[in-house]
Amino acid sequence: MELRINQKAYQVEADADTPLLWVIRDDLGMTGTKYGCGLAQCGACSVLVDGNVVRACVTPVAAVAGREITTIEAIEADDVGKRVVAAWVEHQVAQCGYCQSGQVMAATALLKHTPHPPRRRSTRPWSTCAAAALTTLSTPPWMTWPSRSAPDEYASALV
């Protein structure tokens, strides 16, 4: 079957029910997407499929054939993704770093779909982190930026 990953077509031979994660990592050698819990709970395996966050550990490869898949390896090719990565570094979000790729993917999808997310602090983490970085993750970096009145000014805060 054909998979379109990071704007490149790949022919893969895998059982239809093989989790996308294993095709990405084992067959195609893109190891930035991580295996965490295997239950779609932790988010370490998050990728974007047609711009939406998908947990690759439980997504059958046949379900995404012919759709646009983006992994962490290509997230900085996207303008929003590049700014999310820059904010991640600036705000020193990473702890051990293992689950960061999935969190960056989720943050990028959120900001692409909701350019002005609510500024309130979440009462629960928006992603689970086994390294106990929950305080940092409960307040994603963009929620700490100064309030902006114009969309252009808000977007510039991502840089």
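Modeller: Helices (H or I, at least four residues) and strands (E, at least two) are DSSP runs, numbered from the N terminus. This model is predicted: local features need pLDDT of at least 70, side-chain atom pairs count only at pLDDT 80 or more, and totals for chains, interfaces and linings use all residues. Residues are numbered from 1 along each chain as its sequence is written, and side-chain values use heavy atoms, with hydrogens and water left out.

Colleague: What does D27 count as: buried, exposed or partly exposed?

Modeller: D27 has its place in helix α1, residues 20-27. Buried means under 20% relative accessible area, exposed over 50%, and partly exposed in between (1.4 Å probe, protein chains only). The relative accessibility of D27 is 46%, so D27 counts as partly exposed.

Colleague: How far apart in space are D27 and V12, C-alpha to C-alpha?

Modeller: V12 is in the loop between β2 (8-11) and α1. In sequence, 15 residues separate D27 from V12. In space, C-alpha to C-alpha, the separation is 7.7 Å.

Colleague: Which residues does V12 contact, leaving aside neighbours within four places in sequence?

Modeller: V12 has a relative accessible area of 6%, so it is buried. Contact means heavy atoms within 4.5 Å. With neighbours within four places in sequence left aside, V12 is in contact with M1, L3, V23 and L28.

Colleague: On to the strands. How many bridges join β3 to β4?

Modeller: Two strands pair if DSSP finds at least two bridges between them. Strand β3 covers residues 46-49, and β4 covers residues 52-55. They run antiparallel, and the number of bridges joining them is four.

Colleague: Which residue in the turn of that hairpin has a positive phi?

Modeller: β3 and β4 form a hairpin with two residues between them. In β4, N52 is the bridge partner of V49. The phi in question is about 55°, and it belongs to D50.

Colleague: In β5, what is the bridge partner of V49?

Modeller: Strand β5 covers residues 68-70 and runs antiparallel to β3. Two bridges join them. The β5 partner of V49 is I69.

Colleague: Which residues of β3 point the other way from S46 and L48?

Modeller: S46 and L48 point one way from β3. All four residues named for this strand are buried. Pointing the other way are V47 and V49.

Colleague: How many of the 14 residues of α3 are buried?

Modeller: α3 covers residues 100-113 and reaches 20 Å from its first C-alpha to its last. The expected span is 1.5 Å times one less than the number of residues, and that also gives 20 Å here. The helix is largely enclosed by the rest of the structure, because its buried residues number 11.

Colleague: How many salt bridges are there?

Modeller: A salt bridge is a side-chain nitrogen of Lys or Arg within 4 Å of a carboxyl oxygen of Asp or Glu. By this rule the count is four.

Colleague: How far apart in sequence are the parts that R4 and E68 tie together?

Modeller: R4 and E68 form a salt bridge, with the closest N and O atoms 2.9 Å apart. R4 lies in β1 and E68 in β5. So the pair ties together parts whose separation in sequence is 64 residues.

Colleague: Which residue forms a salt bridge with R83?

Modeller: R83 counts as buried, because its relative accessibility is 15%. The closest N and O atoms are 2.5 Å apart, and the partner is D79.
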